[in-house]
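Biologist: I would like to learn how to read a protein model step by step. Could you take me through it, giving the general idea before each case?

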Amino acid sequence: QMGALDVKDKPNFPPPTPSSSSSSDPATTIQRRHSTLAMVKVGFVGWRGMVGSVLLERMMEEKDFDGSFEATFFTTSNVGGQGPNVGQSSPPLVDAFSIADLSAMDVVVSCQGGDYTNEVHPKLRQSGWKGYWIDAASALRMKDDAIIVLDPVNRAMIDKGLQDGIRDYVGGNCTVSLMLMALAGLFEKGWVEWMTSMTYQAASGAGAKNMRELVLQMEKLGAVDPALKNDRANILDLDRAITKVYQEDSFPKENFGAPLAGALIPWIDKAMENGQTKEEWKGIAETNKILGTSQTIPIDGQCVRIGAMRCHSQAITIKLKQDVPMDQIEAAIASHNQWVRVIPNTKESTVAELSPAVVNGKLIVPVGRLRKMTLGPEYLTCFTVGDQLLWGAAEPVRRMLKIVLCHMEGKRWQ
């Protein structure tokens, strides 16, 4: 377990020393081989799971399975079975624990989870495999020889890593990625002195079983006496009935450990020695690694699980280094990337556009409730929401695969 990061310490985040550009460089060798000979082989692991399913869905939407690479689908439980229909023929499913079969791939994309990565990745590297490993899990994020990927936020770092021979690329924490997609323009300007993020995280962040359990909890609450839902009924009777349902032994809470429907759980992930949860620690650790900061930007907050299905929200307080006019702040946010949206700070716009129900399944990342705080002109607050399974998980992995494939052809994607 990683220890808490002291904000006074300068993080050791820069990429390792560049590798030689000679033909002995494994990455250069792979690139040269596939610029002249065989089609690039890409292996997919964990494609049946929640993040993997969204990844394949996005790749199909963008027509990424265009015949430019040979896809092989791996499995942990159904070797020899039928692979997914991605618009091109694929061989039978291959054993995801077979180092020999994995080592035949030029690129491995894993959405199988951290336990799988911890078991297989070291063995694969020890076997001499020099291909690219692209992972949605957290296991490798803080390794010195891995880059947390979030194109377009840290594309320059990704490109440098590829040139330097880095071969492990990992998607970041969901709330960190969504926060940076929303507010990267402020970091890019160098305006952020410190930040707090109070998160409202959806059930999807805990996994598919938890999402189903949330729906089951909703069903239980909705099954109370219909007469109590009548407008003429005493609302306190309905309230008491709901409370009684929560207290029943049969109330489904095996995964969450507590009611989430109509409630919340102010704890996510493991406990750290300093009182943070690991989810809260990731805010400072991963943000600074993604940005490649030379001096740590302090970031802290509380991470809370709420009864939304798949979109994470965050209420953010930012201490600016100086008093920046609001029009410049909004312009910096809105101009950073094509997916961020600045929402006017009105009730009508907030209710209509700044909600998990609106953002679900979309790539847009709205930022609203933007205003200076009464604490002083250098204090900014905002609220942002984004789809945890898209920019918070699958989309950075998809984009990294595109970047790697183009790099192997000696090209630059976008």
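Modeller: We shall go through the strands, a helix, some contacts, the cysteines and the aromatic rings.

Modeller: Please keep in mind that this is a predicted model, in which local features need pLDDT of at least 70 and side-chain atom pairs count only at pLDDT 80 or more, while totals for chains, interfaces and linings use all residues. Residues are numbered from 1 along each chain as its sequence is written, and side-chain values use heavy atoms, with hydrogens and water left out.

Biologist: In what order do the strands of the open sheet of 7 strands lie?

Modeller: Helices (H or I, at least four residues) and strands (E, at least two) are DSSP runs, numbered from the N terminus, and two strands pair if DSSP finds at least two bridges between them. Here the open sheet has the order β3-β2-β1-β4-β5-β7-β6, with parallel pairing. The edges are taken by β3 (94-95) and β6 (146-149), each of which has a single partner strand, so one side of each is left without a neighbour in the sheet. Further in, β5 (residues 132-135) and β7 (residues 168-171) are joined in the parallel sense by 3 bridges, and Trp 133 stands opposite Asp 168 in β7.

Biologist: Do β14 and β15 pair in the parallel or the antiparallel sense, and over how many bridges?

Modeller: Strand β14 (residues 365-372) and strand β15 (residues 379-387) pair in the antiparallel sense over 4 bridges, with Leu 380 in β15 as the bridge partner of Lys 372. These two strands form a hairpin with 6 residues between them, and Gly 376 in the turn has a positive phi of about 150°. Strand β14 also runs parallel to β13 (residues 340-342), to which 3 bridges join it, and Val 367 in β14 is the bridge partner of Val 342.

Biologist: Which residues of helix α10 are buried, and which are exposed?

Modeller: Buried means under 20% relative accessible area, exposed over 50%, and partly exposed in between (1.4 Å probe, protein chains only). In α10 (residues 326-335), the residues Ile 329, Ala 332 and Ile 333 are buried. They cover an arc of only 95° around the axis, which puts them on the same side of α10; the arc is that of the directions from the helix axis to the C-beta atoms. Asp 327 and Ser 335, on the other side of α10, are exposed. The cover over the buried residues of this helix includes α6 (174-188), β12 (311-320), β13, β14 and β15.

Biologist: What does Val 51 touch, not counting residues up to four places away in sequence?

Modeller: Contact means heavy atoms within 4.5 Å. Val 51, which is found in helix α2 (residues 50-61), touches Cys 111, Ala 136, Leu 389, Ala 393 and Ala 394 when residues up to four places away in sequence are not counted. Val 51 and Ala 394 are 343 residues apart in sequence, yet 5.8 Å apart in space, C-alpha to C-alpha. Arg 58 is also found in α2, and this arginine counts as buried because its relative accessibility is 5%.

Biologist: How many disulfides does a search of the whole structure find?

Modeller: A disulfide is a pair of cysteine sulfur atoms within 2.5 Å, and a search of the whole structure finds 0. Cys 311 is in no disulfide, for the nearest cysteine sulfur, that of Cys 174, is 11 Å away; at 1% relative accessibility, Cys 311 counts as buried. The sulfur of Cys 382 is 15 Å from the closest cysteine sulfur, in Cys 303, which is too far for a bond. Cys 382 is buried too, with a relative accessible area of 2%.

Biologist: How many aromatic pairs does the structure hold?

Modeller: Rings of Phe, Tyr and Trp (its six-membered ring) pair if their centres lie within 6.5 Å; planes under 30 degrees apart count as stacked, over 60 as edge-to-face and the rest as tilted. The structure holds 11 aromatic pairs. One of them, Phe 65 with Phe 73, is tilted, at 6.4 Å centre to centre and 40° between the planes. Another, Tyr 246 with Phe 251, is edge-to-face, at 5.6 Å and 75°, and both of its residues are buried.
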